[in-house]
Amino acid sequence: MSQHHKNQKWSTHSPKLRKLIEPMLPAQCLNCPHPVTPEDKWQVGHRRDAALGGEPTIENAGPTHAWCPACRRRCNQRAGGQLGARIRTANNVSRSRAQKDIRSW
């Protein structure tokens, strides 16, 4: 879990959002086309990722599979991992470009 998500403002919202989302099940997973049912293991996901400024509100949250039986993947962790990889790659590219501008004398 990233430091961003360990902050108090994020860790206290997930249980509250889960209680609001649970009565709406079955609902489509935010990360795949398959429905999340009350019997499935599911997590609270974000429509706009928290790392990109998404707020912990019911309008921005929804159910995601902890393990999708149809896709055979962890929808929420996979989406977060892909976002983390894109952010890290972008940071590495910008650092390497900055290093190329440094002249060795």
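Modeller: Before we start, helices (H or I, at least four residues) and strands (E, at least two) are DSSP runs, numbered from the N terminus.

Biologist: Good, so how many helices and strands are there in the chain?

Modeller: The chain has four helices and four strands, and from the N terminus on these elements follow the order α-α-α-β-β-β-β-α. Please keep in mind that this is a predicted model, in which local features need pLDDT of at least 70 and side-chain atom pairs count only at pLDDT 80 or more, while totals for chains, interfaces and linings use all residues. Residues are numbered from 1 along each chain as its sequence is written, and side-chain values use heavy atoms, with hydrogens and water left out.

Biologist: Which residues make up the largest nonpolar core?

Modeller: A nonpolar core is a set of buried Ala, Val, Leu, Ile, Met, Phe, Trp, Tyr and Cys residues joined through side-chain atoms within 4.5 Å, where buried means under 20% relative accessible area, exposed over 50%, and partly exposed in between (1.4 Å probe, protein chains only). The largest one has eleven residues in all, namely Leu17, Ile21, Leu25, Cys29, Cys32, Val36, Trp42, Val44, Ala61, Cys68 and Cys75. At least two residues of this core come from each of α3 (13–21) and β3 (42–46).

Biologist: What does Ala61 touch, sequence neighbours aside?

Modeller: If we take contact to mean heavy atoms within 4.5 Å and leave out residues up to four places away in sequence, Ala61 touches Leu17, Ile21, Leu30, Val44, Gly45 and Arg47.

Biologist: And Cys29, is that one buried or exposed?

Modeller: Cys29 counts as buried because its relative accessibility is 3%, and its place is in the loop between β1 (27–28) and β2 (35–36). The C-alpha atoms of Cys29 and Thr64 are separated by 4.7 Å, although the two residues are 35 residues apart along the chain.

Biologist: Where is Gln28, then?

Modeller: Gln28 sits in strand β1, and it is exposed because its relative accessible area is 52%. Apart from neighbours within four places in sequence, Gln28 is in contact with Pro33, His34, Pro35 and Pro63.

Biologist: Changing topic, where does Ile58 lie?

Modeller: Ile58 lies in the loop between β3 and β4 (61–65), and this residue is partly exposed, since its relative accessible area is 31%.

Biologist: Last one: what percentage of the chain do buried residues make up?

Modeller: Of the 105 residues in the chain, 22% are buried. Among contacts between residues at least 6 apart in sequence, 55% join residues at least 24 apart.
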